[in-house]
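I will look things up one by one and write down what I find.

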Amino acid sequence: MKSSAKIIRIQGLLVFAVVAGLIAGFLVLFMDGMIKDGVEDGGSRILKSQVDVASLATSIGDQAIDISGLEIANADKLDENILEIGRIRFDIDAGRAFSKKVWVDDMRLEDIRFNQKRKTPAQPYRKVRPEEQPPKETETQPSKPFEFLEGLQFKSPRDILQSETLETLEAVKQSREDLETLKTKWETNIREQLSQDSLKQFKARIESLRSKGKNLKDLAAIQSAAAEIKALRNDIQTRLNTIKNFKSDLEKDIRRAQNTAANLKNLPQKDFDRLKRKYSLDLKGGSGLVGQMVSGPLKTKIDKAWRMYRKISPHLKSDSTPEPEEEERERSQGRTIKFNVERPSPDFLIRHAKLSIRAFDQDLEGRFEDLSDQPKIHGKPFVLNLSGKDNAKFKQFSLKVVMDRTGPQAQDLLETRMDAFKFDAMEIGRLATLDKGLANITGRLKIGDEKNLKGHVTIQVQDASFAGRNGKDDEITRLIQKVLRSVNHFYLKVGLSGTADHYSLKIDSDLDAILTKAVRNIFDEKVKSFEADLKKSIGASTGLPLSETQDLVAGLKDYRKILKGSESDYNNLLRQATEKALLKKVPGGGLLDKFKLPF
Amino acid sequence: MLSQIIKILKALNSNEAPWQISLGIIFGSILGLTPLLSLHNLAVLFIALLIHLNISIMLVSMALFSIAAFALDPLFHQAGLALLTAPGLQSFWVQFFSCPVFLLGNLNNTIVMGSLTVSLVAAAPLFVLCNRLVVKYRDVYNTFIGKVPLLKFLKVLDTYEKVS
């Protein structure tokens with residue numbers, strides 16, 4: 001069965017063309033939808049919040065993509081979009097696309113808006129586990145503006161003492177335990193070593209020797225009695241030595257107890273100083289009134305900005321060497337190897353983009369350049385410039401952001417300037433609002449290595465108009481409101497330094513001096529009254545325990561008398577326990593005494 | 001499964017030359033062993049449609065080799081990894097992948113590279129083997145037909161129908 005078949009099948013070309021046409025047709029019909037779904041799914045995955053696209057159109061001829069109505073939901077507030085972009089149009093570098101690289105030479109972003117209300121709440125991207133929950137804003141806000149002045153309704157000393165542990169009472173408790181131990185020790189010593197029974201035993205031994213001394217008949221008996229007397233005297237002397245040691249030890253214990261008691265006397269003052277620092281107020285110290293006013297809200301805003309920076313920062317990778325990296329494939333565990341091509345280029349790059357942003361209810365124009373995921377390879381930093389001028393809100397505004405990841409360490413910079421900015425009513429705590437004013441703002445912030453912050457903001461406010469807020473109506477509120485109403489202009493300088501997790505704000509303002517002077521009189525009076533009450537309460541709480549401690553120290557002194565009495569008793573016994581007193585005269589004993597050898 | 005066996009038998013007993021059947025098996029093996037949605041398979045499909053090979057056999061071969069591919073994937077990965085990371089070939093690969101089309105074709109993936117290389121290397125011996133098997137099969141088959149008069153008659157009838 002041999003056949004001479006033709007090698008080429010011309011109809012095959014037709015079939016191929018039909019198949020290729022079907023594929024192309026499918027792509028033309030459905031590619032836009034597929035890309036739109038890809039943007040929504042991929043964006044949601046990367047940003048961890050819902051991303052919506054109203055429409056997406058590709059133009060193969062122009063190699064361009066046109067996206068309308070891009071919305072990125074706020075993951076922490078689902079009824080709000082953190083970012084909305086009305087229209088995005090960009091050209092894709094098709095040549096690079098073959099290398100799986102996304103390069104955009106020119107991009108237009110129009111009608112960018114922030115923090116807009118959503119029509120329908122966004123779906124949470126995923127359930128957040130409790131340990132992953134971002135810190136609530138209230139946690140990062142150490143104090144509300146003017147909260148310290150509202151604190152002029154001081155907490156009552158009684159409540160303070162209920163919630164606080166007094167060092168005095170703790171020390172008294174400890175001292176009493178020590179003194180009780182000492183007391184027990186001395187009671188035991190005296191009972192065991194210096195009891196009346198013991199004294200009686202010595203007296204009995206003396207009496208026994210005395211009666212024995214009356215009946216001495218020979219020299220041997222005398223010698224035996226003399227030896228007993230000597231032993232008795234030794235025992236009494238030993239006891240006297242013990243008493244002497246006891247006296248010395250007791251004096252040491254008394255001195256120590258007296259020192260402890262003396263120290264205890266100072267503790268109520270120490271407690272008072274500590275509680276005063278905590279619950280009373282000092283206008284001279286701290287960061288000043290304005291510092292306390294603005295540091296809370298400022299910290300909240302800085303922390304919020306920092307969280308956003310941290311979200312953006314990882315997408316600007318600073319690693320430059322395209323090492324072989326693993327990429328899981330659906331069919332199996334294949335690996336995609338990246339090769340160090342002779343002229344490496346980043347996988348993602350937007351060379352140039354023009355923006356139109358709606359901020360402060362005004363239109364801002366801007367541009368950014370060189371947005372890349374591998375800036376070291378690209379060799380140029382990302383630079384964003386925004387500006388606007390002569391509108392209803394401000395005379396001039398400029399913002400420059402540089403994110404430089406081309407060097408060994410990331411160096412980011414933010415510079416802003418705003419002239420004659422008309423701000424809306426701002427709440428200053430619960431006491432007042434800054435109704436209107438014109439502010440000139442300049443600021444510069446440098447972030448080194450993605451964590452070290454250093455910068456400053458200067459705000460000069462003119463034509464300021466403060467107004468009191470309804471609600472509280474007390475002396476201090478009225479005074480603050482009155483003072484603020486009289487303020488027409490002021491400046492505020494904020495210095496920022498440290499790391500992102502532990503930064504410090506240095507706030508300086510001339511408003512400080514004005515406010516401090518005004519509230520000082522009332523403030524001082526209230527503080528004095530509070531402090532007197534606090535001192536009295538501490539005294540009442542600690543008086544009795546301290547007095548009891550003194551009694552215990554005095555009790556120790558009583559042991560002096562006991563030891564002295566015992567010493568006297570044993571000295572008497574020692575005087576009685578002599579050969580002369582206890583033994584009758586040995587016959588011839590007197591002659592022997594008078595006998596003297598001739599040499 | 002039955003229809004596929006019938007397709008194979010029909011192809012084997014048809015008038016097509018053994019190389020057409022063998023090529024169908026070879027092209028099917030490339031399509032089946034390598035990940036289907038790869039750029040090189042578009043080229044394979046184009047050539048397969050252009051050359052007068054047996055499409056049915058190619059589709060059956062593709063299905064069978066696809067099943068085999070899942071078991072052989074670790075082998076392909078090892079082969080691809082060895083090739084792509086061979087120190088002596090690094091400069092070649094750098095030059096090779098400077099052409100974006102090869103990157104687009106995922107040839108820098110170990111499985112794609114391994115399976116394509118294995119299927120291409122195996123193509124020549126497989127072609128010779130298949131050719132011989134087809135010829136051998138047909139010899140046996142014809143001998144069997146010649147021995148049974150009824151089958152011989154039916155075959156003549158069938159040939160007549162096709163010619164007329």
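This is a predicted model: local features need pLDDT of at least 70, side-chain atom pairs count only at pLDDT 80 or more; totals for chains, interfaces and linings use all residues.

**Entry 1**

Asp79(A) and Lys117(A) form a salt bridge, with their closest N and O atoms 2.9 Å apart. I then asked which strands hold the two residues. Asp79(A) is in strand β3 of chain A and Lys117(A) is in strand β4, so the bridge ties together parts that are 38 residues apart in sequence.

Next I checked accessibility. Lys117(A) has 64% relative accessibility, so I wrote it down as exposed. Asp79(A) comes out at 31%, so I logged it as partly exposed. The cut-off for exposed is over 50%, and buried means under 20%.

**Entry 1: more salt bridges**

How many salt bridges does the rule give over all chains? The count is 29. I looked at some of them.

Arg87(A) pairs with Asp66(A), and here the closest N and O atoms are 2.5 Å apart. Arg87(A) sits in strand β3 (residues 77–92) of chain A, and Asp66(A) sits in strand β2 (residues 64–74). The two are 21 residues apart. Is Asp66(A) buried or exposed? At 14% relative accessibility, Asp66(A) counts as buried.

Then I moved to two helices. Glu567(A) and Lys247(A) meet in a salt bridge of 2.7 Å, N to O. Glu567(A) belongs to helix α11 (residues 511–576) of chain A, and Lys247(A) belongs to helix α7. This pair is 320 residues apart and links distant parts of the chain. Lys247(A) is partly exposed, with a relative accessible area of 29%.

I also found a network of salt bridges. Asp52(A), Glu71(A) and Arg118(A) are its linked residues.

**Entry 2: Arg274(A)**

I stayed with helix α7 (residues 219–279) of chain A, which holds Arg274(A). What does Arg274(A) touch beyond four places away in sequence? I listed Glu164(A), Thr165(A), Leu166(A) and Glu167(A). With Glu164(A), the side chain of Arg274(A) makes a polar contact of 3.4 Å. From Arg274(A) to Leu166(A) there are 108 residues in sequence, and 9.6 Å in space, C-alpha to C-alpha. Arg274(A) has a relative accessible area of 26%, so I marked it as partly exposed.

I looked up backbone angles. Most residues other than glycine have a negative phi. Asp111(A) is not a glycine, yet its phi is positive, about 55 degrees. I located Asp111(A) in strand β4 (residues 102–117) of chain A. At 35% relative accessibility, Asp111(A) is partly exposed.

Glu450(A) also has a positive phi, near 65 degrees. Where is Glu450(A)? I found it in the loop between β11 (432–448) and β12 (452–468) of chain A. Glu450(A) is partly exposed, at 29% relative accessibility.

**Entry 3: nonpolar cores**

The largest nonpolar core has 59 residues. Among the members that touch the most others are Ile88(A), Met107(A), Leu355(A) and Phe368(A). I picked Phe368(A) and listed its contacts, leaving out residues up to four places away in sequence. They include Met107(A), Leu109(A), Ile350(A), Phe382(A) and Leu384(A). A second, separate core has 33 residues, including Ile190(A), Ile206(A), Leu216(A) and Leu556(A).

**Entry 4: where the chains meet**

Last, I looked at both chains together. In this interface, 46 residues of chain B contact 29 residues of chain A. The two chains bury about 3200 Å² between them, and 61% of that is on carbon and sulfur atoms. Leu49(B), Leu50(B) and His52(B) supply 18% of the area that chain B buries against chain A, more than any other three residues.

How many salt bridges cross this interface? The rule finds zero. I did log nine residue pairs in polar contact between chain B and chain A. On the side of chain B that touches chain A, α4(B) gives the largest share, nine residues. That side divides into 26 nonpolar, 16 polar and four charged residues.

Conventions:
Residues are numbered from 1 along each chain as its sequence is written. Chains are lettered from A and ligands numbered from 1 in the order in which they are written. Side-chain values use heavy atoms; hydrogens and water are left out. Contact means heavy atoms within 4.5 Å. Buried area is the accessible area (1.4 Å probe) that two parts lose on being put together, summed over both. A salt bridge is a side-chain nitrogen of Lys or Arg within 4 Å of a carboxyl oxygen of Asp or Glu. A polar contact is a pair of N or O atoms within 3.5 Å; within protein, one must be able to donate a hydrogen and the other to accept it, and residues adjacent in sequence count only if both atoms are side-chain atoms. Helices (H or I, at least four residues) and strands (E, at least two) are DSSP runs, numbered from the N terminus. Ala, Val, Leu, Ile, Met, Phe, Trp, Tyr, Cys and Pro count as nonpolar, Asp, Glu, Lys and Arg as charged, and the others, Gly among them, as polar. A nonpolar core is a set of buried Ala, Val, Leu, Ile, Met, Phe, Trp, Tyr and Cys residues joined through side-chain atoms within 4.5 Å. Buried means under 20% relative accessible area, exposed over 50%, partly exposed in between (1.4 Å probe, protein chains only).
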